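I opened a new notebook page for this structure. My plan is to look things up part by part and write down what I find.

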Amino acid sequence: MNKQSKAPSEPTLDPDDWAQFRAKAHEVLDMSIDRLENARDHPWQPVPSDLKQRFSREPAPSSGSPLSQTIEEIKTDIFPYATGNTHPAFFGWVHGAGLPDSLIAAMIEAAMNSNCGGRDHIAPYVEQQVITWCREMFGFPKGASGILVSGTSMATMLAMVVARDKASANSPHTDLTAYASMGVHSAISKSLNIVGVGSKQLRRIKVNNDHTMDIEALAAAIVQDISAGTTPFFVVATLGGVNTGASDDLRSIANLCAAHNIWLHIDGAFGVWAKCADAPWRDAAIGMELADSLAFDFHKWPSVNYDCGCLLMRDGDQHRRAFSERPEYLRSASHGLAGGELWFCDYGLELSRGFRALKVWMALKTHGFDGIGQVVSKNCQQALLMATLIEQEDGFELSFKPTLNICCFQAVFSGATRLELDQFNQQIATALQLNGTAVFSTTTIDGRSVLRAAIVNHRCLNQDIEQAVKGLREERQRLLKHQPRPI
Ligand SMILES: Cc1ncc(COP(=O)(O)O)c(C=O)c1O
């Protein structure tokens, strides 16, 4: 193609000097690969307070500055202060560790700069292929649809819109009731508010000793609501609970939903990937294929870089009806760029959408579902290893035997009150984060404040688990030595 010469009166945002740009881009690529190759040397570190202040104070740039200067700023002020989830001993919340191949996908995605709401270009075909692979892997039928979204929260909200539309043909939104176990993720109540049903319509069903939903209690709640004149419309079953990793009995819940004609949504944010793992972990996914909708993340266990989740819907037509609205400026054509049969704007809220599918497609091509399954099995074994080591430690009490990848435990000391233990466990978590040993988060299990590891980290080795437990032991001792009453 011709190189165009630019007149000063015709501004563009492209570089003046492509050779210089190329050199800088190569430098940044090397820096990024170095970071990933040496991920072990880069735990989370806090953002210095003067830097935070600088960010809050700096005025908007009216004129630009040289690329090299901006890159220097990134190197000193931004690059060192990541979430830390690329580190092998990051176990907090449920954070994927990231993939080197996502770095390559990000470059290609940026170079293509595709808008994936619709039209006839390769991206929708890539997205559809990823969805078809997942549909087949997770046992959904041929007429099922799907869409890639920012994460499970967004996927849950979209599923709820479709379920609400189906149910509210005969009942006002505020007469609808939804059901989920006590341990369900907060995305459910937020979504109920967004779709106009209201979180007060969520019935939080008690759990069994193993933290799975008590199905008799669920059945009783449904019957009670029906006799009170409300319309049960949405049951959420969890495949991999956020607090404990517990998975509900999906098949029994599906049977109950079928008997009452209630929508079954499965929150499989990370647990869905158990399907690719070895026994016994893959058994958690039995019955998943019976759901009306399934929400899950690629940015969790498969470690595809943030962000990317997915919604699968059993009835693709219903899905499309809920979101498809094509005014004249979005009309499709039989040929040309406005062609193409599959416009993803018909399956969700977003019209302008990035090419999330590329990094997922690349990860699946590079590692396969088997590669992901091997990491899932390894991480579940590591949760058991952590549990075994914790049980051998004085001053720590295991909360439950891990059934998937989550290990929770409490650091204790004699004579401590509940509030003291609360603060003590938080202090340990914070200290290990600050000294770069490991990242645990905290939560409450059966009324007790605990340290929690959710292991979805392909970079984690058994030695990282051993080191983390050693770090816990040392931090507990240090805190007790320096503060006999550690608050
Ligand atoms: C079980 C469960 N459901 C839903 C979510 C929300 O997912 P996202 O953060 O991708 O929106 C999470 C996040 O950790 C989760 O663990």
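How many residues of domain 1 are in contact with residues of domain 3? I found four residues of domain 1 in contact with five residues of domain 3. I took a contact to mean C-beta atoms, placed from the backbone, within 7 Å. On the side of domain 1 that touches domain 3, I noted four nonpolar, no polar and no charged residues. My classes were these: Ala, Val, Leu, Ile, Met, Phe, Trp, Tyr, Cys and Pro are nonpolar, Asp, Glu, Lys and Arg are charged, and the others, Gly among them, are polar.

**Ground rules.** I am reading a predicted model, where local features need pLDDT of at least 70, side-chain atom pairs count only at pLDDT 80 or more, and totals for chains, interfaces and linings use all residues. I number residues from 1 along each chain as its sequence is written.

**Domains.** I looked up the bounds: domain 1 is 18-80, domain 2 is 115-354 and domain 3 is 369-482. Such bounds come from an automatic or database domain assignment. Taken over C-alpha atoms, the centres of domain 1 and domain 3 are 33 Å apart.

**Helices H1 and H3.** I count helices as DSSP runs of H or I with at least four residues, and strands as E runs of at least two, numbered from the N terminus. Helix H1 covers residues 18-37 and helix H3 covers residues 67-78. They pack at an angle of about 10°, and their axes are 11 Å apart. I take axes as lines fitted to C-alpha atoms, for helices over the stretch in contact, with angles from 0 to 180 degrees between N-to-C directions. H1 and H3 are therefore roughly parallel to each other. That label needs an angle under 35 degrees; over 145 is roughly antiparallel, 65 to 115 roughly perpendicular, and the rest oblique. Phe21, Lys24 and Val28 in H1 meet Leu67, Ser68 and Ile71 in H3. By class, I logged four nonpolar, one polar and one charged residues in this contact.

**The seven-stranded sheet.** I traced an open sheet of seven strands in the order S1-S7-S6-S5-S4-S2-S3, with mixed pairing. Strands pair if DSSP finds at least two bridges between them. Strand S1 (145-149) and strand S3 (202-205) each have a single partner strand, so one side of each is left without a neighbour in the sheet. From one strand to the next, the twist averages 20°. Strand S2 (residues 176-181) and strand S4 (residues 231-238) run parallel and are joined by four bridges. There, Leu176 has Thr231 in S4 as its bridge partner. Helix H9 (residues 250-260) packs on this sheet and touches S4 and S5. The direction of H9 makes about 170° with that of S4.

**The four-stranded sheet.** I then found four strands in an open, antiparallel sheet, ordered S8-S9-S11-S10. Strand S8 (396-398) and strand S10 (441-445) are its edge strands, each pairing on one side only. Here the twist averages 40° from one strand to the next. Strand S9 (residues 406-411) pairs with strand S11 (residues 448-454) over four bridges, in the antiparallel sense. Cys408 stands opposite Arg452 in S11. Helix H11 (residues 356-392) lies across S8, S9 and S11, at about 20° to S9. Helix H12 (residues 418-434) touches S9, S10 and S11, and its direction makes about 25° with that of S11.

**The ligand.** Which residues come nearest to the ligand? I listed Gly151, Thr152, Ser153, His185 and Ala269, out of 13 residues around it. A residue is near if its C-beta atom, placed from the backbone, lies within 6 Å. By class, the shell has five nonpolar, six polar and two charged residues.

Most residues other than glycine have a negative phi, and most peptide bonds are trans. I noted a cis bond from Ala279 to Pro280, with omega near 5°. Pro280 is in the loop between strand S5 (263-267) and strand S6 (293-297). Another cis bond runs from Tyr306 to Asp307, with omega near -10°. Asn113 has a positive phi of about 50° although it is not a glycine.

Key. Contact = placed C-beta atoms within 7 Å.
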